[in-house]
Amino acid sequence: MGQYKFTTVEEMPPLAFSLESTRKIPTGSWRHVRPIYKEKSSPCEIGCPAGENIPQYFDLVRNGKYEEAWHKILEDNPLPGVTGRVCYHPCEGQCNRGPYDEEIAIHNIERFVADKNFRNRNLPRSGEFHKSEKIAVIGSGPAGLSCAYQLARKGYRVVIYESEHEPGGMLRYGIPHYRLPKNILNKEIGDIKSQGVDISVDSKIGGNVAWTELEKYDAVFVAVGATSSRKMEVDGEDLQGVYSGVEFLYELNNGRKPKVGNRVVVIGGGNTAIDAARSVLRLGKKVTVLYRRTRSEMPAVPEEIEEAEKEGVKFEFLVAPEELTGNRGKVSKIELIRMKLGEPDESGRRKPVPLRNSNFTLPVDTVISAIGEAPDLSFLPYSFLKKGVRIFVDENYSTGVPGIFAGGDSATNPNGTVVNAIRAGKEAAISIDEFLGWRAKSDGAPREIVKPEEINTFYFPHEKRVKIPRMKVDSSVSTFKEVNKTISDAQALEEVERCFSCGTCLHCDVCMTFCPDVAISKDEAGEYVIDYDHCKGCGICVNECPREAMELVEEETQWV
Amino acid sequence: MGMNDTNDLRKKNGLMHPSVDKVLVIEGTHAASHAVRLAKVQVIAAYPITPQTGVVEKLSEIVSHRELNAKFIKVESEHSAMACCIGASISGARAFTATSSQGLALMHELLHWAAGSRLPIVMVNVNRAMAPPWSIYVDHNDSLSQRDTGWIQFYAESNQEVLDTVLQAYKIAETVSLPIMINLDAFVLSHTSEPVAIPKQEVVDEFLPERKALFKVDPAEPHAFGALIGPEAYMEMRYKLFQAMEDAREVIRRVDSEYSEKFGRSYGGLVEEYCMEDAEIVLMTSATAVSTARIAVDELRSLGFPVGLMKVRAFRPFPVDEIRELAQRVHKIGVMDRNISFGATGMIYQETKAVLYNASVRPKLFGFIAGLGGRDITPETIKDIYSYLLNHDAPESETIWVGLKSGQEVRPEGGNASSAAFGQNENV
Amino acid sequence: MGQIKYQLPPEEILSPGHFACPGCGGTLTMRYVLKALGRKTVVVIPACCWSVIDGPVPYSAAGVPVFHTAFEAAASTASGIKAGLEMQGDHETTVVAIAGDGGTFDIGFQALSGAAERNEDFIYVCYDNEAYMNTGIQRSSATPFGAWTTTTPTDSPKAEKKKDIVQVLAAHHIPYLATASVAYPDDMIAKIQKAKEIRGLRFVHVFSPCPPGWKFEPEDSIKISRMAIESRVFPLLEIYDGNDYRLTHEPAGSPVRDYLKMQGRFRHLKEADIDVIQKNVDEEWEGLKGKLAYSMKVHKSNNSVRSQDKEVSLAKAQSRKGIKRNVR
């Protein structure tokens with residue numbers, strides 16, 4: 001019909017009919033608001049101290065790209081096998097699915113990804129050591145490993161000084177095998193080493209290695225952790241049969257079996273206390289945990305407390321030790337006082353207050369004290385600024401001594417968790433990079449965080465959270481073998497499918513599906529393209545986006 | 001009438017032409033049905049209305065006997081009948097419907113739609129008076145009320161002409177892309193049996209090959225038909241339709257002579273003249289009244305009166321050239337309308353007058369209204385009219401009602417009066 | 001399971017640049033219908049919003065042949081096109097009439113009823129926006145009780161219930177009848193595709209929200225549709241042969257109030273009015289449940305389209321008496 005035109009009567013067809021599509025009509029000019037794709041932060045990634053990009057690696061899992069998912073995690077955390085097992089997963093507490101039905105089991109997916117790549121040595125090495133500066137890291141715990149790894153990826157040569165015979169710090173010596181098998185730790189430390197990180201074991205700074213050795217380095221990161229148990233400050237603390245939790249676990253992790261009696265109590269409410277108590281069970285003994293506040297104030301990971309209970313650990317709340325008494329140098333009794341909860345303290349938890357004349361005594365033969373740990377900073381030669389028992393650092397992890405940085409449990413603002421140590425290592429690496437002049441701190445505007453009410457829950461039918469496969473209790477208490485198992489591929493897929501993927505586009509096509517103006521299409525790379533010549537700005541795409549990855553913005557008015 | 005006379009008549013009427021398959025004595029409605037069969041119409045959609053029913057009944061029989069491979073959609077209204085035909089026609093098929101009077105009026109909106117869509121639909125309309133009061137008898141107000149819809153209109157004089165015109169109509173319609181309405185008088189043709197030559201199918205096929213639609217709804221070449229159009233092009237669209245109607249004049253003439261060559265019958269194109277040699281006074285009329293007028297003319301001619309007759313076969317397009325040419329030859333023209341446009345005059349008269357206004361020669365023009373609602377038009381009626389024409393130099397009024405029953409003479413007070421009447425009270 | 005996603009036929013037949021208002025439900029209807037039917041389709045459009053939406057001469061958005069016809073003539077024109085195509089040997093092309101509620105419930109109803117009774121072989125899709133929107137929001141017999149329109153002002157809103165066109169058409173015993181919503185495109189496309197495979201008159205009633213006519217923000221078009229379905233104002237159904245009912249989506253039964261409150265056309269309603277509407281919806285729903293139960297008993301049909309075997313239902317549909325497979 002090319003011969004026709006609606007110009008003159010001669011050129012017009014005998015009846016009125018169309019000669020071309022409406023595509024020529026720029027109906028986009030009707031628009032006063034413009035939809036855009038704008039990714040936002042999910043609350044989980046904000047909640048993750050290591051800053052793992054959870055929606056992105058979930059998407060890779062969803063597509064069966066397990067190696068890529070692993071690489072995605074490795075950008076922020078070189079120890080996913082470790083954190084997938086032992087992290088207290090604050091991410092899950094932030095999960096927008098929580099208020100809707102049940103939060104996503106993020107840590108299980110992390111563990112799944114790590115375990116899927118257990119035999120995979122193919123890390124995304126960023127390049128050769130193109131930077132001439134050398135950096136020393138003191139301590140191969142999670143903070144030290146994280147920092148060294150990130151620096152290596154940035155192109156630095158890094159040496160870690162580790163006083164113990166094997167690297168890993170508290171990961172190796174503080175966490176029992178049934179929670180974190182050593183092969184997992186070894187594998188991931190191996191991965192870090194494969195990035196060119198040199199770990200010098202049996203090298204104690206201030207011991208067999210002089211502090212001055214460090215002068216050859218351009219920067220130092222101090223991450224010695226908190227390895228000394230805090231004292232109970234009660235009489236009888238030095239009696240035989242009284243251990244610190246750290247000490248007890250150290251022995252176990254060195255393959256030795258500390259002697260425990262038949263009446264074992266553990267003092268404290270943190271993870272060390274729970275680890276110690278569950279370990280005692282595995283040594284074939286009964287155990288009671290004594291804690292001065294109530295269950296809800298316990299700093300240990302709730303699942304761990306549940307597990308401990310399931311396995312037969314007894315709990316006694318609102319009690320504090322007053323005195324240990326012994327018989328021939330061996331502990332035989334513990335005197336306790338009952339407590340009540342008073343006003344909240346600076347941690348926000350209600351402070352335990354002793355109840356007068358409530359003392360009572362229990363017969364004991366083993367007491368494991370796990371009321372907190374402090375760093376051993378005796379090796380530090382300079383008068384480093386300290387705050388309490390820890391090295392003072394500013395927000396850039398700088399100690400104030402040029403080139404000396406610190407982080408993790410030995411520095412200020414610790415929280416005693418693996419993932420926070422990893423975060424400290426990662427962030428300190430950025431500060432060190434910047435200190436060495438390689439990297440200008442690029443502070444992009446913080447992304448908005450998706451709120452639960454912004455999720456279009458219509459698209460998400462209610463579904464149960466994945467059930468973590470676990471060894472039977474009967475068998476688990478008789479062995480130090482790992483209790484929890486890795487979820488299956490199918491379970492992992494189901495769980496990532498539950499994820500709202502808040503703020504991160506999953507190319508689910510909902511925007512495209514509901515566009516009345518046929519103005520959204522996909523380019524060759526599979527990315528959405530909005531045809532602004534025709535988009536009328538109705539906003540359905542933005543409103544329907546299940547995960548708030550789009551936004552409507554005002555058009556600038558153009559007066560023609 | 002002797003045997004030879006009969007044969008002459010048969011010859012004259014083309015009944016003995018080699019193209020003839022058989023001669024059937026049939027009603028006008030059935031003549032239409034047979035034409036539809038011969039035209040190999042593919043889609044028929046119709047709703048029954050007296051006196052059209054013969055058309056659809058016969059077609060139902062033809063289709064169910066598989067004498068015609070067509071879809072016959074027995075719709076729930078004339079409106080839907082026309083819509084179905086429009087649909088069928090825009091799909092590229094040959095479509096047919098038949099109606100009458102009220103049914104045609106109900107179609108009105110879609111008559112515009114068919115013409116505006118330039119669809120070669122052919123429709124038989126049995127002319128019946130409009131209600132109220134109810135009447136099932138002939139007059140032409142139903143079809144003439146549709147004159148501005150863009151349809152070509154033919155008025156048939158005989159059952160044979162009905163058949164022949166339907167066949168011609170498809171050829172004309174498909175040439176100029178306009179719909180055509182063939183009108184026949186209620187009962188006088190629709191329910192009156194006459195011998196009708198049924199042509200051989202193969203000759204019809206030669207004359208009227210399969211339709212090749214210029215435009216259709218074709219998924220291979222998608223267009224939207226009839227969408228919104230702005231003032232910048234609507235007028236041109238109307239000009240195109242106007243022009244097609246103009247072009248139709250020549251096509252009608254050409255197709256009629258082509259038909260004559262193939263089938264031995266001709267109707268003169270837009271008009272047909274009778275006894276026009278040396279005629280000084282001529283009567284123009286249409287449809288079956290023409291046959292009656294032929295008898296009156298024969299009689300008056302035998303008495304020596306210089307009278308002639310012009311049959312208006314096509315009302316749209318209006319035979320402008322033919323009438324202007326006629327005006328050159330005669331002194332007086334009478335127009336007998338079997339219709340009335342209230343507030344004006346008979347419609348053929350009105351249009352004839354309009355045609356002559358700019359003509360170089362303008363004979364005296366007389367407008368007669370006769371035969372409304374099935375009132376008989378007899379040879380006497382026609383002779384009365386000729387008599388009036390012979391006896392008056394000019395019409396006494398713009399409309400002269402013939403045969404009106406009145407206690408008084410309906411006579412104009414002066415020349416400007418709008419109506420006069422005679423016939424009932426007066427013997428001319 | 002995970003997120004609800006829609007697998008639509010990828011080909012976009014509808015072009016952008018059409019003249020629909022932002023957020024138009026009727027346009028999504030057309031988009032999905034075209035996706036479901038493919039390019040071998042002829043569309044008939046009577047006077048309705050789509051007479052404008054498709055674009056002015058010389059443009060057309062539809063991408064398939066469109067014939068614009070008179071207001072009351074969608075079903076009859078479609079009958080004629082189908083008959084014409086069949087007579088020319090084209091048994092493949094799907095003819096679909098797409099009409100608004102005015103052209104379906106009101107002025108076009110006679111032609112539709114006639115075509116339904118004759119079981120003409122085409123699909124009739126009514127995009128129901130519950131008033132004469134193209135002419136400026138006048139009430140139609142599809143306008144619901146209590147709604148404001150320009151001819152039912154707020155001091156005398158529509159006092160009559162919406163015409164139950166589905167029941168009326170079911171009473172014509174047509175082989176396939178379905179209701180659909182633009183908020184459930186997979187359901188809608190499945191129904192249109194099923195309709196495509198069945199011969200005879202197939203009627204699909206699509207709930208198509210109109211932002212300017214119902215007075216809501218265009219971005220809420222889908223949300224409102226969803227609320228209509230989930231509140232049982234508009235159940236998603238299939239009816240075979242006018243008596244075999246199936247529910248294709250189990251509505252949540254959310255309060256009608258939430259649906260009404262989103263629309264300016266119901267803003268004047270008092271709590272008592274809302275209660276009446278809720279009661280009407282509940283009664284209709286009970287009635288429908290009775291029909292569904294009866295169908296279950298008599299036809300032993302599976303009351304869920306999601307688990308329905310398409311082949312089986314297709315064979316069933318084709319074996320119905322009176323269905324014209326081919327024209328001689």
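This is a predicted model: local features need pLDDT of at least 70, side-chain atom pairs count only at pLDDT 80 or more; totals for chains, interfaces and linings use all residues.

Me: What makes the radius of gyration of chain B agree with that of a compact globule?

Reply: For 428 residues, the rule for a compact globule gives a radius of gyration near 22 Å. Chain B has 21 Å, so the two agree. Along its principal axes, the C-alpha trace of this chain spans about 65 × 60 × 40 Å.

Me: How do you know which residues of chain B count as buried?

Reply: A residue is called buried if 20 or more other C-beta atoms lie within 10 Å of its own. In chain B, 56% of the 428 residues count as buried. For chain A, with 560 residues, the share is 48%.

Me: What share of the contacts in chain B joins residues at least 24 apart?

Reply: Two residues are in contact if their C-beta atoms lie within 7 Å. Taking contacts between residues at least 6 apart in sequence, 77% of those in chain B join residues at least 24 apart. In chain A, that share is 72%.

Me: How many helices and strands are there in chain B?

Reply: Chain B has 13 helices and 17 strands. Chain A comes to 18 helices and 23 strands, and its C-alpha trace spans about 120 × 55 × 45 Å along the principal axes.

Me: Why are β3 and β13 of chain B said to stand at the edges of their sheet?

Reply: The open sheet has 7 strands, in the order β3-β2-β4-β5-β7-β6-β13 of chain B, with mixed pairing. β3 (71-74) and β13 (314-316) each have a single partner strand, so one side of each is left without a neighbour in the sheet. That makes them the edges. From one strand to the next, the twist averages 20 degrees.

Me: What makes β6 and β7 of chain B a pair?

Reply: Strands pair if there are at least two bridges between them. β6 (residues 152-155) and β7 (residues 180-185) of chain B have 4 bridges, in the parallel sense, so they meet that cut-off. Within this pair, B:Phe154 stands opposite B:Ile182 in β7(B).

Me: Which strands does helix α3 of chain B lie across?

Reply: Helix α3 (residues 53-64) of chain B lies across β2 (43-46), β3, β4 (95-100) and β5 (122-127) of that chain. The helix runs at about 140 degrees to β3(B).

Me: What makes up the side of chain B that touches chain A?

Reply: The contact takes 16 residues from chain B and 8 residues from chain A. On the chain B side, β9 (224-225) and α9 (231-263) are the elements that give two or more residues. The largest share, 6 residues, comes from α9(B). This side has 9 nonpolar, 4 polar and 3 charged residues.

Note on methods:
Residues are numbered from 1 along each chain as its sequence is written. Chains are lettered from A and ligands numbered from 1 in the order in which they are written. The radius of gyration is taken over C-alpha atoms; the globule rule is 2.2 Å times the number of residues to the power 0.38. A residue is buried if 20 or more other C-beta atoms lie within 10 Å of its own, exposed if 12 or fewer, and partly exposed in between; C-beta atoms are placed from the backbone. Ala, Val, Leu, Ile, Met, Phe, Trp, Tyr, Cys and Pro count as nonpolar, Asp, Glu, Lys and Arg as charged, and the others, Gly among them, as polar. Axes are lines fitted to C-alpha atoms, for helices over the stretch in contact, and angles run from 0 to 180 degrees between N-to-C directions.
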